[in-house]
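Colleague: I have a new model open. Can we read it together, feature by feature?

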2 protein chains.
Amino acid sequence: MSLVVMKFGGTSVGSIERIRNVAKIVEKKKDKGHDVIVAVSAMSGETDRLIGLLKEITPDYSLREYDQLVSTGETACIPLVTQSLLVDGYDAISLTGLQIGMETDIAHSKARILNIRGDRIKQAISEGKIVVVAGFQGYNVETGDITTLGRGGSDTTAVAIAAAVKADVCEIYTDVDGVYTADPRIVKNAKKLDTISHEEMLELASLGAKVLQSRSVELGMNYNVDIMVLSSLEDKPGTLVTSKEDKNMERIVVSGVTSDKNQAKITLLGVKDEPGVAVKIFIGLAEANINVDMIIQNVATEDGKTDISFTVPKTDLIKAKAACEKLGKDAGVQEILSDENISKVSIVGIGMKSHSGVAATMFKVLSDNQINIKMISTSEIKVSCIIEEKFTELAVRVLHSAFITEKQNGQL
Amino acid sequence: MSLVVMKFGGTSVGSIERIRNVAKIVEKKKDKGHDVIVAVSAMSGETDRLIGLLKEITPDYSLREYDQLVSTGETACIPLVTQSLLVDGYDAISLTGLQIGMETDIAHSKARILNIRGDRIKQAISEGKIVVVAGFQGYNVETGDITTLGRGGSDTTAVAIAAAVKADVCEIYTDVDGVYTADPRIVKNAKKLDTISHEEMLELASLGAKVLQSRSVELGMNYNVDIMVLSSLEDKPGTLVTSKEDKNMERIVVSGVTSDKNQAKITLLGVKDEPGVAVKIFIGLAEANINVDMIIQNVATEDGKTDISFTVPKTDLIKAKAACEKLGKDAGVQEILSDENISKVSIVGIGMKSHSGVAATMFKVLSDNQINIKMISTSEIKVSCIIEEKFTELAVRVLHSAFITEKQNGQL
C-alpha cells in the first residue's frame, strides 16, 4: 500500500461525463489498496470564461481580484469530483488550497509556494477518505488573500502536495501517454521512455516538450518526488520521472531529441568591446521582461568593436528590437539585424556527463546532412544548436536516428 | 458621515452591464462621504447552473459538497463588483465569508450565524476602502468547512454584518421600491410605506409578502438594525424597517393587508377527545417536516368525539394527508377531508396593540361583502382569516379600503 497523488487537468474534468470517468480511474487506484489524493484543475473553458468577464470591465485588472475570481474555477470542480466518488460508494472530501494550508507568497497570479501545512489532508487520509484538492490556488497567511500559482499551477500543486505528505508517487494524467524520445509527429519510431531523470525532464520541458511544466519538474527534483506521466484516456504504462538510481540510465547517453521553433536571433553590429557594455544591454533586456537564451560574442576587431548575437522568443522579437535600439546608442551599435527563420534543436541525456564526444557527434550528424549550425549552447546534460528553421524536422530525425534508434540496435 | 451596508441580489448583478450599474449606485453613496460595505449574491442563473451540474451526478448530493460548490457563485461575483469600483477610481477590496470571519454552525445548506469577527472589514474601512462581501456564505471554525445560509442568505449576510460592525443602516436593493400597504397588482391605490416596524415586517414577510426574507428581518429586530428597502433600478426613497419610536406609527392601526394562496385545509372527523390525542397527531406532522399553521378544534359531542381542522402549505397537502392516515388510526379518526380552494388574508399593524375592535371590524367588512370566514388566527399585531380562494383579491381590496384608504381620509 502506498500514498499516491493523482492530478487531472481541465480537459479530463471538462464535463460531468469526463468527471465520472476521472472518478473511475481514482476508484481503481483506491481498490488496489492505495491512499489517494486527487488534484484537479478547473473544468476546461471555465478559467477563460471568468477572465472574459473580468476583461469586459477592464483589460488592466487587479491581480488580487483576478486571483479571487479565477480560483473559483478549481473550487467549483472539486465538489463535483468528490460527489462522483461519493455516489459510487467511496468516502471522499473536497478541500480548497486554503483548507489544505497551501501557503504562498503574495505575488498574485504567479505566487510561489512557501509551505503546505497538510494536516487536514493527513487526517482525512487516516480516516480512509479520498482527498480531492483544488489545484492552482493557495493563500497568503499574513493577509488571508487567495493566490494562484500561474501557468501549469495544478501540476505544481500536485507535486508540492506529494512532497509535503511524502507520497510515493505523483501521477500526472494528461492527453499523451508519456514522455517520448522525440515528438512522434516528427519521428515515427520515437519511443516512449519508461523512466527519465528529473534533470533531463527539466531540460526537455524548458526546450519545448509540453508534457510537464518546468516548474513542477524543478519542484519534483528539489524534493525528490517521483512523477509518473500517464494518459487519462487509455490505461497503459506511462513514463516515470525519477532521480532514483537506475542501471539503464547509465547506458543511455541521449534520452530525447527536441526542437523549438519559437526562436529569433538578433545581431548587434559594432558594439564597443569594453567591460560592462554588453552587460548593460542584457540587463536592459531583462528589465523589459525579455528572456534572452543563447548569446555569442565575436572576437573584437582591431578598432575595438565586436558583434553580439543572441536569441529571444519569436513573440518578443519586436519588443526586443525596440529595446536594443534604445540601449544600443551608448554601446555604439551601428546596426541591428534580426532573423526569424531559425529554430533550436537539442539533445538531452544524463549519460552525457560520463560520455565525451557527444557534442562532436551531433555537429557531425548535422553537417553530414548539410545542416549549417548558427549558434551552439551546451550544459552538462544538453547540447542545443540553432539552425535554419526549414531544416528542423530533418535535424530531429537524423539526430534521433543517430543517438537513439541506432544505439538501441547496438550500432553506436 | 455614516457606515452603510448595501445589499444587491442576483438580478442586480446578473451581467457585467448590471454590475457596472451597481458600482455607480455604490459610488454615489461613497461620494456623499459614507463608509460603504457591499454584500452581493451570485450572478443570476449561476447558482442554478452549479446545482444543475451537481444534480447531473446525483439528486441525492452531499450538503457539504453542495456548500463548497454553490458558494463559488458569490465568490466569483465579488471580484467583478470590486474591479468595477477600482476601474472607476475607487479603492475597494473583495472579501469572502471566510475572509470576513462569518462563523456559522455546521448545518450545511442552512447554517446559522454564530459570530462575525469583522476585524478585516473594519481595517479595510479604516483604510478608506469600499468592502465588497460575498453574501450567503460562511464557514465553520472547528472544521474549516464552507457553509451556506440557505434561502435569502444574502439578505441575512447583509443584516448580520450591519449588526456586527454597528452600521447606521442596512440597505437592501431589490426589484421593488419599498414595502406597500398591499400588493399593487391587487390594490391599485396601495401606498408605499415610509417606515414600518420590524415586528410588522416580520408578520408581512411570513404571511407571503416577498420583499424581505423573514430571517433577515428577525435578525434586524434582534440586533436593532434599521433596514431600508430600495429599488436598484430607480433612484427614489424606499421603506425603512425600524424599531425606533415614531409618532406616526402610533396613529396607524393597520400597516398592510396581505394574502397567501399557498394554503390547504385538512379536517379530521371523529377524533377521540382525550388528552394527548391531538398532540400526537401534530407531533407526527412536525416529524414529517410539515408546517401546520392554524388549528381549530370543535367542542366534543356527547360520544367523546371531536373534529380537528388545520392548515398546511398547499405543496405539502398530499404528504400531510398520508401522514394523517397513518397517525389517525390510534386517534380513532373516521374520515379525512381536505380543501385546497382556500386562501389566507391578513391585516398587520403595530397599532392593534392599543386599538380594540380591529378584528371585529375585519370580520364585519368581510361579512358585508358576502365573504365567509372559515378559520381565524390572531396575534398581538395581526389578524388572519381563511376564506374561499376565489374571494382573495376582493377581500384584500375591501380590507385595504376599510383600514388604509378610508383611514387616510379620516373616515375611520
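Colleague: Which residues does Ser12(A) touch, not counting residues up to four places away in sequence?

Modeller: Contact means heavy atoms within 4.5 Å. Ser12(A) touches Arg18(A), Ile19(A), Val22(A) and Ser232(A) on that count. A caution: this is a predicted model, where local features need pLDDT of at least 70, side-chain atom pairs count only at pLDDT 80 or more, and totals for chains, interfaces and linings use all residues. Residues are numbered from 1 along each chain as its sequence is written, chains are lettered from A and ligands numbered from 1 in the order written, and side-chain values use heavy atoms, leaving out hydrogens and water.

Colleague: With which side chain does the side chain of Ser12(A) make a polar contact?

Modeller: A polar contact is a pair of N or O atoms within 3.5 Å; within protein, one must be able to donate a hydrogen and the other to accept it, and residues adjacent in sequence count only if both atoms are side-chain atoms. Here the partner is the side chain of Ser232(A), at 3.1 Å.

Colleague: Is Ser12(A) buried or exposed?

Modeller: Buried means under 20% relative accessible area, exposed over 50%, partly exposed in between (1.4 Å probe, protein chains only). Ser12(A) has 12%, so it is buried. Across chain A, 57% of the 412 residues are buried.

Colleague: Where is Ser12(A) found?

Modeller: Helices (H or I, at least four residues) and strands (E, at least two) are DSSP runs, numbered from the N terminus. Ser12(A) sits in the loop between strand S1 (3-8) and helix H1 (16-31) of chain A. The chain has 12 helices and 18 strands.
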